Amino acid sequence: MHYELQHILAFLKVVELESFHAAAEALNVSQPALSRRIQKLEQALGTSLLSRTTRHVGMTAVGRDFYPQARRLIDDFDHAVFNIKALAEHRIGQITLACIPTAAFYFLPSVIRDFNAQYPNIRIRLLDLSANEGLEAVLSGEADVGINMLSGQHPDIEFTPLVVEPFVLACRSDHEFASRKQVRWSELSRHRMIGVGRASGNRTLIDHELASLENRPTWFFEVQHLSTSLGMVEAGLGVAAVPRLAMPRQEHATLIQRPLIDPVIRRTLGLVRHRNSHLSPAAERFVETLLSQWRTPDGETTEPSIPG
């Protein structure tokens, strides 16, 4: 169909103002130019839409049928353009984030609060996933970006480090290790250890770093989530090696943490995104907010100081 939106808009203006002269002024075109637009539309449709006399402009029967459809078409187009402009100006939209649980708890609340204050109409969808699942979500496009750990990264993943944190021992305040300033990994071999499953990125990292250790810990209990392991520690079922960010941020009545040494094992958390993807304006602005809060001025990662 060889017609343009401006031809349809010309038809609507003539009908609504009941005058070629008034419609031409409203559209800021000459009256002959307006008439040509109407003619081209009628030629494209193969029928007359307007009936003209020297004193009156009205619609033909076909014009009356066409008018509501034309009005809806222009309204839908205006609405679509408004939404695109709003997206480009970061005023509306949705962001999907794939984050490991500790990152979702530690990194995101303050970032989301600041971002939402600036862009209250941008919705945020959070996928609380394991490290491997989070990477897959970013690779598949289900998530725009994620917060994950650096461990066996995919070649299509771009990783921006944010925080380096050590693994610590979580135990009860009445445990024998509670009186110690630090604990060696080898000392854990005679204790019931509570750990996450082999599919976990944390477990993979620990097993790799301890591969050459003669007296390695034995994972007596296996769980899916770090929060579950802390609950079992609190119940007195054993001790756990967890990232420092997984520990309660405030002083806890039962749980305490002690540094683990020989070796000191650290994990790096950072922003992950698909190397070849183009983020939406809303996602780009969220990334800027995240990096402004968690990157140091020189771009180096930080090791947070958490009480406990």
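## Strand S8 and its partner

Glycine 195 stands opposite glutamate 222 in strand S9. This pairing comes from a predicted model. S9 covers residues 219-223 and runs parallel to S8. The two strands are joined by 4 bridges.

S8 itself spans residues 193-196 and is covered on both faces. Met193 and Gly195 are buried on one side. Ile194 and Val196 are buried on the other. In a regular strand, side chains alternate between the two faces of the sheet.

## Overall make-up

The protein has 308 residues, and 44% of them are buried. Its secondary structure consists of 10 helices and 12 strands.

Among contacts with a separation of 6 or more, 73% are between residues 24 or more positions apart.

## Helix H10

H10 takes in residues 281-294, which makes 14 residues. From first C-alpha to last, H10 reaches 20 Å. That is close to the 20 Å expected at 1.5 Å a residue.

Seen residue by residue, the buried positions of H10 are Ala282, Ala283, Phe286, Val287, Thr289, Leu290 and Trp294. They lie on the same side of H10, because they cover an arc of only 160° around the axis.

## The nonpolar cores

The largest nonpolar core contains 48 residues. Ile95, Phe107, Leu108, Trp185, Leu188 and Trp294 have the most contacts inside this core. H10 is its biggest contributor, giving 6 residues.

Leaving out residues up to four places away in sequence, Leu188 contacts Leu169, Phe177, Val183, Met193, Pro217 and Leu260. Met193 in that list belongs to S8, where Met193 is buried. A second core is separate and has 19 residues, including Ala10, Val15, Phe20 and Val57.

## Histidine 7

His7 sits in helix H1, which spans residues 5-17. Is His7 buried or exposed? His7 is buried, because its relative accessible area is 6%, and the cut-off for buried is under 20%.

Which residues does His7 touch, not counting those up to four places away in sequence? They are Arg37, Ile38, Lys40 and Leu41.

Key:
Residues numbered from 1 in each chain as written. Predicted model: local features only at pLDDT ≥ 70, side-chain atom pairs only at ≥ 80, totals over all residues. Heavy atoms only, no water. Expected span 1.5 Å × (residues − 1). Buried < 20%, exposed > 50% of the residue type's maximum accessible area, 1.4 Å probe, protein only. Arc of directions from axis to C-beta. Core = buried A, V, L, I, M, F, W, Y, C linked by side-chain atoms within 4.5 Å. Contact = heavy atoms within 4.5 Å. Pairing = 2+ DSSP bridges.
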